[in-house]
Amino acid sequence: MQKTENGCYVIIKEKELIGGDDMSFNNLIDNLTCEEKNNFDYYSQIRGVQQYKIIYETLEKIAPGEITYKDVNSFVRYDKAIKDVLYKYLGTLEEYIKTYIFANYDLKKEAKLTKKEYIFFNQLQALIEKKTVSLDEVSELYKRYRLNFKDMVDLLKEFEPNGKFVPDELYLIKDLRNNVMHHSPLLFNINGAEKVNETKKLITLLIKHLPLDYPKYIAEDINDKTKHIKNNINEKLYCVLLCEF
């Protein structure tokens, strides 16, 4: 038995990696009620059977012999609900940073523009300069700007590493963004272990960088999802939930 960072006690088995002994998971699926089987057959086509298996095997280490399909399905739904929340606020952060860039940078007047759209920072690096852009101006940078999140952070890292934003923290938020955009599990990893603390730290950084009242809104949205799942799972599994922000 081993204690995790979250205070969970887990049973370490010889065949604990995904792809080892999968009879327990198979037994869970074989013994589903008709309603549960219909739910699993429908949603596993979208979420992937692997995600159900990974979640089951992780939870089974915390509460051996006590894990039900309701527990597993609740965590599948919880993970999706958290991603839906984060998707909205990651978009808010990206818009906020872009707005800041458009207000403070433009392409140099003498720059030789060879592209209709600029996708990578290294294409813009020698063409861009700091400039206060007037409120009524649609700048040349605005017209040609198509940078993704990582290249946008590269721009800030190059021109103002100690400015309004913290680029090194934004790079970490990029990892959270990639997990959300690629629909990767946020609370469990492929080795059948929880990664809730890792995700919690990244969400905390996202909250730190959001503008205005958005930190309050995202905290309320995530806390609401966490409170809801508590009504549907074994109390021993609370340690795999996000903390209240």
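Reply: The protein chain exposes about 13,700 Å², of which carbon and sulfur atoms supply 49%; accessible areas come from the Shrake-Rupley method with a 1.4 Å probe. This is a predicted model, in which local features need pLDDT of at least 70 and side-chain atom pairs count only at pLDDT 80 or more, while totals for chains, interfaces and linings use all residues. Residues are numbered from 1 along each chain as its sequence is written, and side-chain values use heavy atoms, with hydrogens and water left out. Of the 245 residues of the protein chain, 45% count as buried, that is, under 20% relative accessible area. The protein chain has ten helices and six strands, which are DSSP runs (H or I, at least four residues, for helices; E, at least two, for strands) numbered from the N terminus.

Turning to the pair itself, the axes of helix α4 (residues 69-104) and helix α7 (residues 149-159) come within 11 Å and cross at roughly 40°, where axes are lines fitted to C-alpha atoms over the stretch in contact and angles run from 0 to 180 degrees between N-to-C directions. That makes α4 oblique to α7, since angles under 35 degrees count as roughly parallel, over 145 as roughly antiparallel, 65 to 115 as roughly perpendicular and the rest as oblique. On the α4 side, the contact (heavy atoms within 4.5 Å) is made by L93, E94, I97, K98, Y100 and I101, and on the α7 side by F149, M152, L155 and L156. By class, this contact of α4 with α7 has eight nonpolar, no polar and two charged residues, with Ala, Val, Leu, Ile, Met, Phe, Trp, Tyr, Cys and Pro counted as nonpolar, Asp, Glu, Lys and Arg as charged, and the others, Gly among them, as polar.

Terms used
Buried < 20%, exposed > 50% of the residue type's maximum accessible area, 1.4 Å probe, protein only.
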